[in-house]
Amino acid sequence: MGERPENRVDRIVSGLLHGRRLRLRGGDAEEKEAVVMAARLAAARQGPQRMSPAFRKRLVKQLEAATPPESWMTRRAALVAGLGVVAGAVGGGLLGRALEGSGSQPPATAGHVVRPTNGRWVDVGALADFTPGQARIVKAGAVGAFVTRDGDSVSAVSSICSDLPCELWWDSSQHTLVCPCHNRTFTAQGSSIGTYRLPSLDVVQVRVRDGRVEVLGV
Amino acid sequence: MTSESRPPDPVPEGPEQGQVVELPAASRVADIAIDELEMIYAFIYSRVGNRADAEDLTQQVAMKAIPRLRQGAPASAVRGYLFATARSVLGGFWSTRLGLSESELHDDLAMAMPQAGYSEESVERVRRILEQLSDNYRRVLELRFLHGYSLKEVAVEMRSTVGAVKVMQLRALRAAAKVRLDG
């Protein structure tokens, strides 16, 4: 009662900045535009978000409990079909495909090899500067790539997600390349990881010459 | 060769042609739905700015939408349906919390499903909104929201008082809410 608008909005802002739930009082609607904007700004500060493992687990349980097992099959079919899989017989017996194995690493399936017209080898650094097992982003002119060193050899994949036109980032704790646009992940070799798979990342040509790493760019 | 276009939807790897594949167990199915819901969570979070509300709303979307997905729906439809449900749930959230009608929220909620990624798009959008503001307004919002400064710290930084910063913060938020971006 009688709360000044600036105090009212700052109370909400402070809550958001402390990660608290939006708790609004009567009268806060007077500053509705400011409140909605404050929520968006608070979200932008945090950057792209993922569900916490605990919430994810809880949600799985709730979904399972909410519907009988047989309807899961229906949903699976719907989702599988929805995700571009041929579910059902084609020709003489291609059946629905399993989207995920038993949690094991997906087989390495190579993406397309990037072959730039008028490509040239671009020096991206000394081999010694690449930490084995850690993908590092490099630019070879217009070609962006994640280079991974394995002993004295190197491999490289495109730095752009194979599904959305977004630049990946390397999650060194998980050893995965992550697409910030939809949280899909790939191995350093470009194979898609997860419940259903995306096309593999394009392969970028890379070589080692006299202790220097060179990427075929343009 | 290299310019070959890719399908927009995920292409799962599978067994050899003709091989019979066992359908995954129920929990696996939930995983599939959950993957889709990750996107919804990020989308909702980008609108409400806090985890607790984002979790509640994502849960509502899941419980509403997942059981209604029909067999054979294409990927775009599945995603579209989830996003449509998310927008409706968000509309309900704001209208309950602030007494806003959904039409009043039209600009914020009814925008098309983000093309280049819900969360990236959102962060980029905020950056573009801030760019449209006057220097002082942009500064106060950047310090407060993006750098997490307290009011006192903002006041010191801007050589002002806490009271004045509070007022400026409110005006800056109002101004930011008025910014209309193309696309």
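Two strands count as a pair if DSSP finds at least two bridges between them. With that in hand, here are the close-ups of this predicted model.

**View 1. Strands S2 and S12 of chain A run antiparallel to each other.** Strand S12 covers residues 212-217 of chain A, and six bridges join S2(A) to S12(A). To pick out one spot along this pairing, look for A:Gly125, whose bridge partner in S12(A) is A:Val213.

**View 2. Three strands of chain A form an open sheet.** Follow the order S2-S12-S11 and you will find antiparallel pairing. At the edges sit strand S2 (120-126) and strand S11 (206-209) of chain A, each pairing on one side only. From one strand to the next, the twist averages 35°.

View 3. Among the contacts in chain A with a separation of 6 or more, 52% come from residues 24 or more positions apart.

**View 4. Chain B has eight helices and zero strands.** Reading along the sequence of chain B gives the pattern α-α-α-α-α-α-α-α. Chain B has 183 residues, and buried ones make up 42% of them. For contacts in chain B with a separation of 6 or more, residues 24 or more positions apart account for 49%.

Note on methods. Residues are numbered from 1 along each chain as its sequence is written. Chains are lettered from A and ligands numbered from 1 in the order in which they are written. This is a predicted model: local features need pLDDT of at least 70, side-chain atom pairs count only at pLDDT 80 or more; totals for chains, interfaces and linings use all residues. Helices (H or I, at least four residues) and strands (E, at least two) are DSSP runs, numbered from the N terminus. Axes are lines fitted to C-alpha atoms, for helices over the stretch in contact, and angles run from 0 to 180 degrees between N-to-C directions. A residue is buried if 20 or more other C-beta atoms lie within 10 Å of its own, exposed if 12 or fewer, and partly exposed in between; C-beta atoms are placed from the backbone. Two residues are in contact if their C-beta atoms, placed from the backbone, lie within 7 Å.
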